Amino acid sequence: MFSVRTAVLPGLRLLVRGFAARSSAPPLQWPVRAGIANIRVFGSQGRGGSHDRGWASGAEGEGEEPEEEEEELLSAEPLLPTASQRVCVLHPDVKGRAGRTPRNTELQVAEAAALVHALHGWSVVQTLVVPTKVPDSRLVFGKGNFQDLTEKIRGCPDITSVFLNVERMAAPTKKELEAAWGVEVFDRFTIVLHIFRCNARTKEARLQLALAEIPLLRSTLSRHSAWLDHERRGPRYIMGSGESFTKLRHRVLKEKEAKIRRALERLRDKRSLLRRQRTQREFPIVSVVGYTNCGKTTLIKALTGEAAMQPRDQLFATLDVTAHAGSLPSRIPVLYMDTIGFLSQLPHSLIQSFSATLEDVAHSDVIMHVRDVSHPSTEQQKASVLSTLQGLQLPSALLDSMLEVHNKVDLVPGYSPPGPGVLAVSALLGHGLDELKAALEESVLRATGRQVLTLCVRLGGPQLSWLYKEATVQQVQELPETGAAHVTVIISRAAYGRFRKLFPG
Ligand SMILES: Nc1nc2c(ncn2[C@@H]2O[C@H](COP(=O)(O)OP(=O)(O)OP(=O)(O)O)[C@@H](O)[C@H]2O)c(=O)[nH]1
Ligand SMILES: [Mg+2]
């Protein structure tokens, strides 16, 4: 059973402990994470503190021995061939589409190629950009272009599959294209889903994926069932049930969907319980969001000193929201939430199924938007992230106070941020982190209503140890002749109220 224990210990120690266990096995080789996650952050240790292991309370749901039923829900067939693929990336260049420029087309093709490279053993052997005026037609391209294309693909035996760079492809289109070209054809939805599947670690992420896959299974089922019903010899109904084979399979799928939703609901309850615990403990929460591969994980690793975090040069390396403990310059403990990266034209059902995970963002105190300013599409990426955030219906105060962090400045010689309120860093080289932490602290204090106070307390009394436990003590200046001390603390309004009640006068 997953559990998280959090406590602020005397001397500014924040302890976050979560128990994590296993992950599953083939056919897709989920990465395994095992053992006890245990992080201690000591206020006196400046940047990061000491960590026994790399991650904290966030991967909620992980660590629990899966119930049989849930494990069954997750044992899906591989979506795409498990063998290595040599892919032809085919980009329909739609004439008259808004924003169509050679540069944008180039960037979209580059992103499609990056998606292919995110899959282990997959490579791009050819890239084709083919104009079309009829993207919604059955064959996607006009007759002449389609014929040329068929010759090219059939004439290149190196190609084992085609990635048609469209969001979704209708089942009849897939069937016809595959028949014409003699290889499998995938759309963006299937590729992204497959990457997600390979990278999802926690049960919650895997269940969310299983839910996102239901429409895909439904359309495949409709296609196959029609054929099966047609081919079947013998009675049309199963065991005299009066239910046709097609209906039975659709019903099973519907039941599966309901079960997944119920399982997710259970995990969601757990997640909100954890969130309440964090809130009760009054740990400020900073959500780190941004386009995929912009450096979110690297930045959190740099801010917390967490050695076990593993940034990867790969799209969608992070699929689970995880919490990582760090401390700000005034030694305020803080939890950084690492989140799933965004992608333009991310299929709607995928965003929807992951929106529960992103609920944590809505409950954070500060959002930090990390941008890769060395990327040629950095502006489009920013727009895509902001529009996704808008869609999550976050509190406007949270959106308005968002911190923008320009990352990977080491790759842009002489970079200077365009204006105030923007911080330039290199998460990889550790540049600009002190300024970032100072700005974060300001935002956290503002957002959480914490204040800096100097209180006069008796040295022999219980006040000082109470303050060590419930607030962040910055300085103790003893006044020997009076037996008292001036104690400078950062304290939340709620904690200060309790202090006044406990120690009136
Ligand atoms: N040169 C340079 N590379 C960086 C910097 N920050 C991150 N990277 C690299 O960018 C790649 C992606 O980094 P991640 O931290 O995994 O990015 P992410 O945003 O967490 O990615 P996803 O989890 O896939 O959304 C890795 O190869 C990092 O080493 C930086 O400041 N400079
Ligand atoms: Mg990441």
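## The E4–E6 pair

In E6, Val 162 is the bridge partner of Cys 88. The two strands, E4 (residues 86–94) and E6 (residues 161–164), are parallel and joined over four bridges. Strands pair if DSSP finds at least two bridges between them; helices (H or I, at least four residues) and strands (E, at least two) are DSSP runs, numbered from the N terminus.

This is a predicted model, where local features need pLDDT of at least 70, side-chain atom pairs count only at pLDDT 80 or more, and totals for chains, interfaces and linings use all residues. Residues are numbered from 1 along each chain as its sequence is written, while chains are lettered from A and ligands numbered from 1 in the order in which they are written.

## The four-stranded sheet

E4 and E6 belong to an open sheet of four strands, ordered E5-E4-E6-E7 with parallel pairing. Strand E5 (123–132) and strand E7 (184–186) are the edges, each pairing on one side only.

Helix H3 (residues 143–154) lies across E4, E5 and E6 and runs at about 170° to E5. Axes are lines fitted to C-alpha atoms, for helices over the stretch in contact (C-beta atoms, placed from the backbone, within 7 Å); angles run from 0 to 180 degrees between N-to-C directions.

## Strands E11 to E13

Strand E11 (residues 366–372) pairs in the parallel sense with strand E12 (residues 403–407) over five bridges; Asp 372 has Asn 407 in E12 as its bridge partner. Three bridges join E12 to strand E13 (residues 422–424), also running parallel.

Terms used:
Two residues are in contact if their C-beta atoms, placed from the backbone, lie within 7 Å.
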